[in-house]
Amino acid sequence: MFKSGFGAIIGRTNVGKSTLLNCLVREKVAITTNKPQTTRTAIRAIVNNENSQIIFIDTPGIHKPQNKLGETLNETAFQTLIEVDFILFLTEASSEKIGKGDSIILEKLKEAKKKVILVINKIDLIKKTDLLELIDNYKNAYPFEAVVPISATNGKGTKDLIKEIEKILPEGPAYYDKEEYTDQTMRQLVEETIREKVLKLLQDEVPHGIYVETEKMKKRETKEKEEIYDIESTIYCIRKSHKGIIIGKEGNMLKKIGTYARQDLEKMLGTKVNLQLWVKVKENWQDDESILKRFKLEQ
Ligand SMILES: Nc1nc2c(ncn2[C@@H]2O[C@H](COP(=O)(O)OP(=O)(O)OP(=O)(O)O)[C@@H](O)[C@H]2O)c(=O)[nH]1
Ligand SMILES: [Mg+2]
């Protein structure tokens with residue numbers, strides 16, 4: 001019997017949802033950083049097993065919103081729960097108690113009425129005794145199908161997780177070809193790679209106020225008959241002072257962002273990349289519906 005289905009990965013921001021997604025699919029599909037609110041859209045990744053195909057949907061981390069962008073991200077995450085077969089509720093093993101953010105998510109899970117597996121991440125950081133108490137607290141709060149402690153950075157526990165998912169997965173066909181591993185377009189992967197570098201290289205609200213748009217992406221042959229991608233993208237930020245920080249002294253920061261992004265993109269695309277970056281100010285984009293629609297679920 002072949003099984004298949006869709007599963008949402010939901011949890012507070014920064015608990016390691018995207019790290020888990022990448023670990024399960026063994027590809028870099030979603031960007032990950034140690035900063036909150038990294039993921040902005042629902043990102044699909046497809047995992048093929050001998051007797052099953054599981055489509056995981058990474059979601060933006062649940063957090064206290066500061067603007068319409070934040071509200072949109074939370075909404076996208078919760079709306080994902082409606083359309084899936086099961087839910088992975090990801091939390092981190094940082095304390096033995098259930099925090100406020102996780103309690104809010106538990107309430108949403110009760111409303112969703114789906115099969116839920118509790119996944120406790122970052123077990124590499126804690127003592128086993130603390131973990132047992134945390135598991136007890138969660139088991140008293142919600143009737144989970146299973147509780148699986150994992151470490152998404154080293155892959156520990158993820159085989160058990162797949163086994164538990166296969167138990168609750170409905171019978172069904174493979175929805176995607178075996179070669180496909182994400183629904184992200186090349187353009188989205190390019191923009192996210194650039195955004196990851198800005199998040200990693202810059203501090204505080206500067207990287208959180210940016211979004212990236214790619215104006216040009218075209219493959220050509222060089223004189224030496226080598227394939228090369230010409231990519232032109234713009235980094236939009238919310239203040240003139242941020243623009244200065246992103247460009248840096250004598251353009252050094254932008255050069256660094258470009259170099260790191262290009263190195264990743266060359267690996268991803270398997271060709272040389274000629275990446276040109278611009279920086280522009282768009283003050284209120286975080287509250288602008290015409291831009292926020294890109295972070296909403298497709299209707
Ligand atoms: N020690 C440890 N760190 C982890 C583990 N999993 C993820 N991390 C780290 O946690 C941070 C956040 O990871 P992400 O995968 O970006 O978290 P996220 O839940 O997707 O965050 P948002 O997209 O903001 O909601 C990164 O610095 C990861 O390297 C783990 O198992 N152990
Ligand atoms: Mg993420």
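User: Before we count anything here, what is a salt bridge?
Analyst: It's a pairing judged by distance between side-chain atoms. The nitrogen comes from Lys or Arg, and the partner is a carboxyl oxygen of Asp or Glu. To qualify, the two must lie within 4 Å.

User: Okay, how many salt bridges are there between domain 1 and domain 2?
Analyst: This is a predicted model, so keep that in mind. One pair is Lys28 with Glu196, whose closest N and O atoms sit 2.6 Å apart. Between domain 1 and domain 2, the count comes to two salt bridges.

User: Where do the two domains run, and what separation do their centres have?
Analyst: The domain assignment puts domain 1 at 3-168 and domain 2 at 186-295. Taken over C-alpha atoms, their centres are separated by 28 Å.

User: How many residue pairs are in polar contact between the domains?
Analyst: The side of domain 1 that touches domain 2 has five nonpolar, nine polar and four charged residues. Counting pairs with both residues at pLDDT 80 or more, the number in polar contact is twelve.

User: Why call the chain as compact as a globular protein of its length?
Analyst: The chain has ten helices and nine strands. For 299 residues the globule rule gives 19 Å. The chain is that compact because its radius of gyration is close to this, at 20 Å.

Terms used
Residues are numbered from 1 along each chain as its sequence is written. Chains are lettered from A and ligands numbered from 1 in the order in which they are written. This is a predicted model: local features need pLDDT of at least 70, side-chain atom pairs count only at pLDDT 80 or more; totals for chains, interfaces and linings use all residues. Side-chain values use heavy atoms; hydrogens and water are left out. Domain bounds come from an automatic or database domain assignment. A polar contact is a pair of N or O atoms within 3.5 Å; within protein, one must be able to donate a hydrogen and the other to accept it, and residues adjacent in sequence count only if both atoms are side-chain atoms. Ala, Val, Leu, Ile, Met, Phe, Trp, Tyr, Cys and Pro count as nonpolar, Asp, Glu, Lys and Arg as charged, and the others, Gly among them, as polar. Helices (H or I, at least four residues) and strands (E, at least two) are DSSP runs, numbered from the N terminus. The radius of gyration is taken over C-alpha atoms; the globule rule is 2.2 Å times the number of residues to the power 0.38.
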